[in-house]
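Have the viewer open as you read, and start where the chains meet.

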Amino acid sequence: MALLEVQGLSKRFGGFVALDGIDLAVAEGERIGLIGPNGSGKSTLVNCICGTLVNETGTVHFDGAAVDGLLTHERTRRGMARSFQLPRPFVTLTVAENLRVPMLYAVNARPGTKLTDAEIDARCAELLSLVALGDKAEQHPRDLTQVEMRKLELARAMAAGPKLLIADESMAGLSQSEVDDIVNLLIALNERGITIIMIEHIMRAVMKFSQRLVVLVSGKKIADGKPDVVIRDPEVEKAYLGQ
Amino acid sequence: MQTRVFLLIAIVAAAAVFFAARLISNDYVFFAGYTVLQFVVLATAWNILGGYTGYVNFGSAAFFALGAYSTVALHKFSPQVYRRWVDDMPDWFSSSVHSVIDPVVQALFPLSIPTLIVIGGIISAIVGLGTGYLTLRLRGAFFAIATLALAVVLQTFIVNWDYVGGSRGAYIIRPNELEVEPWLLSTWTAVKGLLPAWLASTTPISYIQYLFLLMLVLVVIALTVARGIERSQLGYGFATIRDDELAAEASGVPTLKLKLIATTLSGALMGMAGAPFPYYIGYLQPSSAFGLEYAVNSIAMPMIGGTTSWAGPLIGAILLGSLQQYVTVTISSSVNVLIVGLLLIVFVIIAPSGIIGLVQGWLRRAQAGQGGK
Amino acid sequence: MGVSFDLLINALIAGILLGGFYAAVTIGVSISFGILDIVNIAHPAFIILGSYIAYIVNARLGLDPILTSIVMLPVFYVLGAGIYQVYYEAFEKRGQESLRGLSFFFGLLFVTEVMLILVFGVDYRYVEAWYIGPSWHLGVMDFPLRMLVPCLAALALFGALQLFLSTTFIGRAISAVAQDQLALQLMGASPTRIKRIAFGISIATTAVAGALLIIIQPVEPSVGREYIGRVFAICVLGGLGSLPGTVIGAMLLGILESFTSTFYGPSWAPAVAFGVLLLTLAFRPAGLFGR
């Protein structure tokens, strides 16, 4: 059974149809790449899946249960986590405290889970070293570079202990080696058992990461399959070349 | 420092303030001090919702006045009034009511001020919760506007409600004797016996000193609650709402629930601050209960003192409160509000982190200077 | 029902005329809040300022208040532009609009009100004009000119503004700035400049609204506070960013208040706006015509 099941999801803004009947099934442990031109609705789809936006039609099933109508924080507690395209750190908290928040509010809210302070500190340290921010634990987000903020963004999403992680354009503006870092990080996370949907424009990263590629154009899904097949699909080529 | 320790220190500090004030044999200290203490509570209460959570409440006067008017309403609900109401009912009903309720009413009323404070707090908390529930799911701006409109509407209701005096106002005559709980009285007697003679002055506690003492207790409660929140998980939650509500939700923070908690706490504290006010002022009119100064000061004091810590509202209230006492007496009360308004504008533009922020900045630069040598 | 038709129809007319005036009061906020997303709760303070200026000119020189307000339009525009500049430098640029911006305008509201008290005192002031007093009768219907003239002036203001926003380049840029700042920059228009112009216009409308206010009712400094609730209630009811929605929302509120006043007494009128605001926020936050 799929971990995430989106069926017939549509979203309008006034007269503008941002998403038109999207179907998407993500199996546990998969690595999905989601691509599409600017404005095709990728972030809108993420927002609807996570509950930040409310879709007009369609359903979202996660981990066997319908999550329509649930607020974002409830979905996070159930195991969905996302990073934001433009990093949104908690600026008055330190880097380490940024990671404590999801642990206190998402992980600890799950029935049967109650991390002690010591465990929280340990996990924070571990996550920070995973994204190479260990020495910046006591600093504030305003002291971080762009790259470091993106890593913090990912680390914070991971701190929520998710089953599904949606990484929204975490690599924009990064250098080649930095992109590789993040891709390797995400693959490592996936090997730990986290299902990941990666939204990206950097094709190199997408091709390296994805086991399956989904293409969104103007609010419609036009392709969904193995990356090397999808990339040669004439519709997909047209969507990208036509830009 | 644990919150328990803080509470202890606060109680000791409050006791010290009280005894020091008693040494000055001038009741004016208590009158002026009461106002300043009241502002400490209001500013701290406002800051829980405004500074910690980032939601601006323009209607502090509404919650304050709710506390004040619930006191007025209950004060007027004397056994005679109650008896008149019941006698108006059909005989078969009133006789059974009399036998059951009469002794209860006799025992309870007139309610002591601490009880009134609790009731005022509860009523304000409920209204805060209600307003919050209707508007907090939307943007902070809508909540702010709603609180402003709330103040106007509540004032309209009170002005139209003759039972509490309407626009004519209500007289609250202070009882001749201090309605102090027996256990409080015996504690006081015991404490007095332990103190050196010069401290345990034999002058009895006048009514205004009693009100001052009650307000001191409220200050201790408010500051302890504020500081307790700051160090707790709740405090983290509030901070994330203030910093980025969307990211907070995505991180699992139940933002609506926390906002409602903040609103309810804030409203409750403001209502508690308002409950003794009718006894303090003796004659309560809607225009004074809903006055300008409550709204401006509840915002100006934390913003000028510093919104990120419990100490900010305290500093702001003491500084601005004392300044205002001085200006009101020497110049006029309108100029008073003008100065506060101007200070608010200036600080908000130039020193957004308030006095605490300025001090922290100086300290940081001083440390950096020393480290560089 | 023992309600006379006369009473009903005249309450309705009074409501519509009042609504027209409320539209003038709210149009500025429709721009600053609906389009620019700036919560200027000091808006009513500027209206009162406009009222007092109309009062002084009327008392000293006998000039018609509406004429005065037209002369004052550029002055208020400059004032608005200046305030926006301060707001932008201090808050918008730093990304701290919400708490500090609100406090800033709140401070402005108070300072304005208190300065007016200090200068003019708390007595009610009023103006005199040939149309204050007489009524135009049409059968059983009464049209008090002191309400009719402001209503017509308000509709004229609305018409002019709507025309400006839909036909001129700057006007359309203002409508666009709410939706897509980037596109605006690509077009070569500076969003900051456009917003400054828009805010200036928003405050300029208060000059007119203030003159109309003091025609309709006597004014004293704290009158502004009653209008904060009304103004935002209308904005929300009509739907943010929709100027025609604002006019309709204003009419609805005017009628509701008029009926409340007539059948329950005038002291309940301020509560109507709040009730409307709360209900709208609770059930249809996008308003009747909102985006």
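1. Start at B:Ala149. Leaving aside neighbours within four places in sequence, B:Ala149 is in contact with C:Ile228, C:Gly229, C:Ala273, C:Phe274 and C:Leu277. Before you read on, keep in mind that this is a predicted model.

2. What is B:Ala149 part of? Along with B:Leu344 and C:Leu277, B:Ala149 is one of the residues with the most contacts inside the largest nonpolar core, which has 273 residues. Helix α7 of chain B, residues 140-159, gives the most to this core, with 15 residues. As a general background note, nonpolar side chains tend to be buried together in soluble globular proteins.

3. Now look at how chains B and C touch. On the chain C side there are 35 residues in contact with 36 residues of chain B. Three elements of chain C give two or more residues to that side: α4 (97-120), α9 (223-238) and α11 (269-283). Which of them gives the largest share? That would be α4(C), with 15 residues. Sorted by class, the chain C side comes to 26 nonpolar, 6 polar and 3 charged residues.

4. A quick word on chain B as a whole. Its secondary structure comes to 18 helices and 2 strands. Of the 373 residues in chain B, 46% are buried. If you take the contacts in chain B with a separation of 6 or more, residues 24 or more positions apart account for 81% of them.

5. Over to chain A, which has 9 helices and 10 strands. Its C-alpha atoms fill a box of roughly 50 × 40 × 35 Å along the principal axes. For 243 residues, a compact globule would have a radius of gyration near 18 Å, and chain A agrees with that at 18 Å. Buried residues make up 44% of chain A. Among its contacts between residues at least 6 apart in sequence, 64% join residues at least 24 apart.

6. The sheet in chain A deserves a slow look. It is an open sheet of 6 strands with mixed pairing, in the order β6-β7-β8-β3-β9-β10.

7. Strand β3 of chain A (residues 31-35) pairs with β9(A) in the parallel sense over 4 bridges, and A:Leu34 stands opposite A:Val214 in β9(A). With β10 of chain A (residues 220-225), β9 of chain A (residues 212-217) runs antiparallel, joined by 5 bridges. Here A:Val215 stands opposite A:Ala223 in β10(A).

8. Last stop: the turn. β9(A) and β10(A) form a hairpin with 2 residues between them. What is the phi of A:Ser218 in this turn? A:Ser218 has a positive phi of about 50°.

Note on methods:
Residues are numbered from 1 along each chain as its sequence is written. Chains are lettered from A and ligands numbered from 1 in the order in which they are written. This is a predicted model: local features need pLDDT of at least 70, side-chain atom pairs count only at pLDDT 80 or more; totals for chains, interfaces and linings use all residues. The radius of gyration is taken over C-alpha atoms; the globule rule is 2.2 Å times the number of residues to the power 0.38. A residue is buried if 20 or more other C-beta atoms lie within 10 Å of its own, exposed if 12 or fewer, and partly exposed in between; C-beta atoms are placed from the backbone. Two residues are in contact if their C-beta atoms, placed from the backbone, lie within 7 Å. Ala, Val, Leu, Ile, Met, Phe, Trp, Tyr, Cys and Pro count as nonpolar, Asp, Glu, Lys and Arg as charged, and the others, Gly among them, as polar. Two strands pair if DSSP finds at least two bridges between them. A nonpolar core is a set of buried Ala, Val, Leu, Ile, Met, Phe, Trp, Tyr and Cys residues joined through C-beta atoms within 7 Å.
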